Amino acid sequence: MLNLSVQNLVLKYPKKTVLNGVSLDFNHSQIHALIGENGAGKSSLIKIICGDILPTAGKILLNQKEVAIKSPADAIKYGIVCVHQRPLLADSISIIENLMLGAASFDRKRARELLSLWLPGIDEKRLIKNCSGDIRFFTSLTGALLKNPGLLILDEPSALLNSDQRDFLFEKLKKFAAEGMNIIVITHFMEEAKKYGDTITYLEEGRVSKPKDDFLNAGLREDGFAGRETCPNHSKKTDFSLSFYNLTSLPNDKPAIRDFSFTANGGEITLISGQAEDGRESLEDTISGMSRARQKGLLKITDKITGRAFSFEIKDGNFTRRQLEKSPFTFGIIPSNKNFRGSNPELTIMQLLSSGLSEGREKALSLIKKADVNITLNEKAECLSGGMLQRLILERELEKNPDILILCEPVQGLDSRGVKKLCRRIEEIAKSGKIVLVLSSSEFPEEICDKIYRLGKRDLQEKSL
């Protein structure tokens, strides 16, 4: 059994203090909820515990003995294992093969026992590239448990699971805790912390603090978009539309999409909902010009007011981001992979915000202010939390004043306040007459959408405005 204590942990960068004297105890046989808004310091605290980064000052104690955790290997040696929000799995191999990766010895019997617990009925030979986010999460969790951790850390499992899956997860985790495991769960949501946690710790600006009232009252996203009283009324309609007809894409490494057609209109929010196994990632790659797969289809964009029009017949690998740039329309695209497609951990904030923009330092500082992110231009993107990175990329793309805004997994990694703010921003963009197209696997507030397509079901829902 493993008890963890951190004493006066400090993490400082040249012009920013991320953690400011954090002292906490996490005892075995309990589920500990670690909560706070984006940028509160949750991820940095966990990275220190897991050996991903070193603190500026402070101590880590395991069972009351000070230890030095200088690398993830050190953490695993001490019995500390983390399941990351974006599971670190190899797409091209199977579930069971992923569990075998990096294992000095592999207990296949134990692996199958855990898979039958977390993924009943799922074929262990299924390729990860054909797995949805929840299956990826439970595969990663199985791999973590195969290491027999004394301390298990789950980073934002809510981002990948629905309500029933959360109940299933925590019902099983409570049994592991009852057997002596120490479990820390990072979450943005107080309701989730109250429901599942034995202890609750709230971080704010790098300190242990008392939650604010608005944070206490914020519910999970699936409970509805708090603050809306009516259906959307995007009053400024336009004769402006983007349509893909009979779109087919057959990538080698992802599920295919076949003969899929949709239309997104100016002045509206259009949602395409679907999981990875439905071809959502393949659709994102195709419509953003990032796919080299065998594909076909037709793209038409028409603005009857200005007279602008663009038509392109899509054939194997000929539709690229450059084709979008050649059109008379401006695109803003936020990819689902913010870390490596919308950015890169090694980029400085200046480099991140200068991409696609002609202005320099002053404009970058302005975007940081608009995004409400505490970061300097010389720091690297790896210093950003998921929500902070999301907000910066959004401001960068909006600075282009796009005619068409494509948002892929836009609420993933955002806290309740961040989701509300984003949705209000999206509504304002739609009201201005622009096209807003959202691709999401789950939890995007459907009540603000005018039109909803569902991959895999091929049904369309439209609201009367």
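Predicted model: local features only at pLDDT ≥ 70, side-chain atom pairs only at ≥ 80, totals over all residues.

Now select the helix itself, residues 416-431. At 1.5 Å a residue, the 16 residues of α14 should span 22 Å, and the end C-alpha atoms are 23 Å apart, which agrees.

Next, colour the buried positions of α14: Ser416, Gly418, Val419, Leu422, Cys423, Ile426, Glu427, Ile429 and Ala430. Look down the axis and you'll find that they cover an arc of only 165 degrees, which puts them on the same side of α14. What do the buried residues of α14 pack against? Show β13 (269-273), α13 (386-398), β17 (404-408) and β18 (435-440), and you have the elements they pack against.

Time to jump to another part of the chain. Bring up the open sheet of 4 strands, ordered β2-β1-β4-β5 with antiparallel pairing. At its edges stand β2 (16-26) and β5 (65-67); each has a single partner strand, so one side of each is left without a neighbour in the sheet. Neighbouring strands here are turned by 30 degrees against each other on average, direction ignored.

Zoom in on β1 (residues 4-13) and β2: the two run antiparallel and are joined by 8 bridges.

Last stop: select residues 42-49, helix α1, which lies across β1, β2 and β4 (57-62). Helix α1 runs at about 115 degrees to β1.

Technical notes: Residues numbered from 1 in each chain as written. Heavy atoms only, no water. Expected span 1.5 Å × (residues − 1). Buried < 20%, exposed > 50% of the residue type's maximum accessible area, 1.4 Å probe, protein only. Arc of directions from axis to C-beta. Contact = heavy atoms within 4.5 Å. Pairing = 2+ DSSP bridges. Axes fitted to C-alpha atoms, helices over the stretch in contact; angles between N-to-C directions.
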